[in-house]
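Please read this briefing with the sequence and the structure side by side. The topics run from whole-chain features to single residues.

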Amino acid sequence: MNKLDRRKFLSLAAATSTLAFAPRIAFAAAAETDRRFIFIIQRGAADGLEIAPPVGDPDYARIRPALAHDAADVIKLDATFGLHASLVETAQMYQAGEVLLAHAIASPYRDRSHFDGQNVMECGGTAPYSLRDGWMNRLAGLLPKTRTPPTAFAPTVPMALRGSQRVTSYAPSKLPGAKDDLLGRVALLYQYDPQLQSLWASALEARGLAGEDASDKASITIGKLAATFMKKADGPRLAMIETNGWDTHNQQKARSERLLSGLDAMLASLRDNLGPVWAQTTVLVATEFGRTAAANGTGGTDHGTASLALLAGGAVKGGRMIADWPGLAPKALYENRDLKPTNGLDALIAGAAAESFALDPVRVTATLFPDGLKTKPMSGLIRV
Amino acid sequence: MSFEPAIALNRFGLGARPDDKSPTDAQAWLRRQIDIYEPRPTLIAEQPDTATLATKLGAVRAPEDRKAEATLRRETYRNAVEARVLHAVATDTPFAERLVQFWANHFAISAEKGVVTAFVGSFEAEAIRPHVMGRFEDMLLAVEHHPAMIYFLDQTRSVGPGSESAVRRAQTKGKRDLGLNENLAREILELHTLGVRSGYTQADVTEFARALTGWSINVPGAGDYKTDVPPGGFIFRQNLHEPWPRTIMGRTYMQSGEMAATAVLRDLAVAPQTANHIATKLARHFAGDEPPQSLIDRLAAAFKSSKGDLPTLYRVLIDAPECWAARPVKFKTPYEWTISALRGTGRTTFQKFSATNFLRELGQPLWEPGSPAGWDDTAARWAAPDALLRRVEAAGRLERYFPNKLDPRELAPKLLARSLSDGTRMAIEGADTRITGMTLLLVSPEFQRR
């Protein structure tokens, strides 16, 4: 297990970034790239404290007693962090040095609206609706064209992929995790309407939908679908997969097991089906913002600020956690409630994108995040 | 802000659109639709009429053409459904269009029956739409003369036992197998005019059936096809007609031939039971499943005093406080919900969206109620567990595969105005994706009702 001092790693990485990649810049745009970059978006605000619980943090069990995992029940990563027990395959990738975790990370967005937060994360702006196209589309503009353009494995093209570059979408029949979440939301919507509430309860019972678990199957299918396209020599170099249902205001324990088991299966499915191309692949998993450090009154958490992002793939310099861990002590929380952001998601994306395609990080940053970053793009993320 | 604009748009109309201006004078907005109503809107006028369809179908009557005929019927039906739905979504006179739907359902024919499949659209265009802002009597006469109704209720098979044809057949072949079919006569009395258990007897039904004998269709390719009548048009076959006189509901009709049944229909159209029947159905449609008797009485009185002038009845509805209750009074049928969802999300074209399939999946295939009684107009029929689940799934599908760019947080107050509840507003604001937010808006309690 990697025991690197995280603060030291960050400052070191920042200092060396520009120099290390300078010689490669000139060749980048002309050459066909074999690299693949996949963005799995977690819509709904995934809880970083659930994905990689800081079981070694003295305040963790205190602040969310109802939701906290015992150190024995998670997959141990280091003295502070574990991985959720559903992330079995992800943990294996981590051991194999193919998964990099970035905790206490957030986009520049600091309010708590899903729509606005996703807009900032996908457009790469610093405020909602400040940009009209998505950072992945602008990234596509820096890459040589392939026969199949950047592809969204989703019914429609998500904001991150929209813009002037040609992109496409390919819809799987089911979106992982969407069903459970929507059914729960509808139940809440009907809670004060006696007629609809009772009809809805009967409907779910009749169809045996309460507690249905189809997320793994759908996740495996979509992972395989994406891999099939991306491993082709003339296939897309950029892709996006949408996952929904991360907005766990209630029943977080049970829902997280399903959601993370689905994510785990999707990552494994990508790895297994990409075959040798996995070694050339970077998968980014990120969400619009995190959730409250404390549990709410309904067995869940509410909209928060910092969360966790991860990079997976054979190209990733993984097996480590990047975190300037702020802790969960009352004073350490953002606005007295949320995990405080100490890493910039934009800096992670800029670094991962630049290194994956051997592009100039300055140019990538200016293109993907035209409003500027607060810190330098991260570096040393990807094998070159 | 009052509830009236939202009620005018959603209860009287077919649902607000994102760009609809909230009517400042809701009643005036509704009254004006009576005046500017267009009986032949472009989308509907583009569909083939009965004569054209009868000619086309007449050309594929041979047994070996069966497949071609089935295809033609189905395609005609689909085109008519898409046109009807698209017109309902696009129309600027949604109250008038709601009345078209009301009357088409009152005089229901059902597409699953044989050749009717092809004629449901032309029936509505020719027998219903021209009379929606006219007199009930004229609509009744147009409906019962229309070949789609005559065929649907088996009138072509009805032969007077004392008619020329039946008598000759008995004399020459010794067979007495030709006789009455009471279907059309009974449904006219029970469903179209007087209403069930309103005082008529079996003897009245039989007498009316005798009066109706000879009402038939000019079928292209048939032995007695008349070139001076449009293909598929109404014809009267004297040789099938039971000779007069007829006594129905205590009144004796001395007219001969086609005019006998027409005279009966004219009387039925203005009968007090008919006034009550129509008044009750209209009140149920606009004031709730259990409509207040006060409103039924006023509507019935208006029907009688105006001799079935329909706009007079509509003005009673517009002026009736019973129709403007602040709480929703109706659970939307699948058709109403679909139209309001399509209007609410600003659709103007359908591209790959099939309204035909969508409505079928939701349990209300257009013009196919399966019975001459039409679709039930009460919540008990539609507010069912599985139906609700289907609506939720359909709303999600609609948004995923037929996307738009609207923000549900801004759209909800536009569509629902004052009826938007805090619970729904917060559910939409808390949605994790735009699609989820749109889905929640479309399945919210206030959007499922009107």
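Helices (H or I, at least four residues) and strands (E, at least two) are DSSP runs, numbered from the N terminus, and by that numbering A:Glu335 is placed in the loop between strand E10 (320-322) and strand E11 (343-344) of chain A. The model is a predicted one, and the points below should be read with that in mind.

**Chain A as a whole**

- Chain A holds 13 helices and 11 strands, and 55% of its 384 residues count as buried.
- When contacts in chain A between residues at least 6 apart in sequence are considered, 77% of them join residues at least 24 apart.

**The contact between chains A and B**

- Chain A contributes 26 residues to the contact and chain B contributes 24 residues.
- On the side of chain A that touches chain B, the elements giving two or more residues are helix H6 (114-123), helix H8 (178-189) and helix H9 (194-207) of chain A, with H9(A) supplying the largest share, eight residues.
- Sorted by class, this side of chain A has 15 nonpolar, six polar and five charged residues.

**Helices with a buried side**

- In helix H4 (residues 50-58) of chain B, the buried residues are B:Thr50, B:Leu53, B:Ala54 and B:Leu57; because they cover an arc of only 100 degrees around the axis, they are on the same side of H4(B).
- The partners against which these buried residues of H4(B) pack are helix H5 (66-90), helix H7 (116-128) and helix H9 (147-152) of chain B.
- In helix H5 (residues 88-95) of chain A, the buried residues are A:Glu89, A:Thr90, A:Ala91, A:Met93 and A:Tyr94, and their packing partners in chain A are E2, strand E3 (82-83), strand E4 (99-106), helix H11 (252-274) and strand E9 (307-312).
- Just after H5(A) comes A:Gly97, which takes a positive phi of about 75 degrees.

**Helix pairs that cross**

- Helix H12 (residues 345-356) and helix H13 (residues 361-368) of chain A have axes that come within 9 Å and cross at roughly 125 degrees, which makes H12(A) oblique to H13(A).
- The crossing in which H12(A) passes H13(A) is right-handed, and there A:Ile349, A:Ala350, A:Gly351, A:Ala353 and A:Ala354 of H12(A) meet A:Pro361, A:Val364, A:Thr365 and A:Leu368 of H13(A).
- In chain B, the axes of helix H20 (residues 385-401) and helix H23 (residues 434-443) come within 9 Å and cross at roughly 135 degrees, so H20(B) and H23(B) are oblique to each other.
- H20(B) passes H23(B) in a crossing that is right-handed, where B:Arg391, B:Val392, B:Ala395, B:Gly396, B:Glu399 and B:Arg400 of H20(B) meet B:Ile435, B:Met438, B:Thr439, B:Leu442 and B:Val443 of H23(B).
- The contact of H20(B) with H23(B) has, by class, six nonpolar, two polar and three charged residues.

**A buried arginine in a loop**

- A:Arg64 is found in the loop between helix H4 (60-63) and strand E2 (75-76) of chain A, and it counts as buried because it has 23 C-beta neighbours inside 10 Å.
- Leaving aside residues up to four places away in sequence, A:Arg64 touches A:Ala293, A:Ala294 and A:Ala295.
- From A:Arg64 to A:Pro276 the separation is 212 residues in sequence and 42 Å in space, C-alpha to C-alpha.

**Backbone geometry worth checking in the viewer**

- Most residues other than glycine have a negative phi, and most peptide bonds are trans.
- B:Arg197, which is not a glycine, has a positive phi of about 50 degrees; its place is in the loop between helix H11 (183-192) and helix H12 (202-212) of chain B, and with 8 other C-beta atoms within 10 Å B:Arg197 is exposed.
- B:Trp244 and B:Pro245 are joined by a cis peptide bond, with omega about -5 degrees, and B:Pro245 is in the loop between strand E2 (234-236) and strand E3 (246-248) of chain B.

Technical notes. Residues numbered from 1 in each chain as written. Chains lettered and ligands numbered in written order. Predicted model: local features only at pLDDT ≥ 70, side-chain atom pairs only at ≥ 80, totals over all residues. Buried ≥ 20, exposed ≤ 12 C-beta atoms within 10 Å, placed from the backbone. Arc of directions from axis to C-beta. Contact = placed C-beta atoms within 7 Å. Nonpolar A, V, L, I, M, F, W, Y, C, P; charged D, E, K, R; others polar. Axes fitted to C-alpha atoms, helices over the stretch in contact; angles between N-to-C directions. Parallel < 35°, antiparallel > 145°, perpendicular 65-115°, else oblique. Left-handed = near helix turned anticlockwise from the far one by under 90°.
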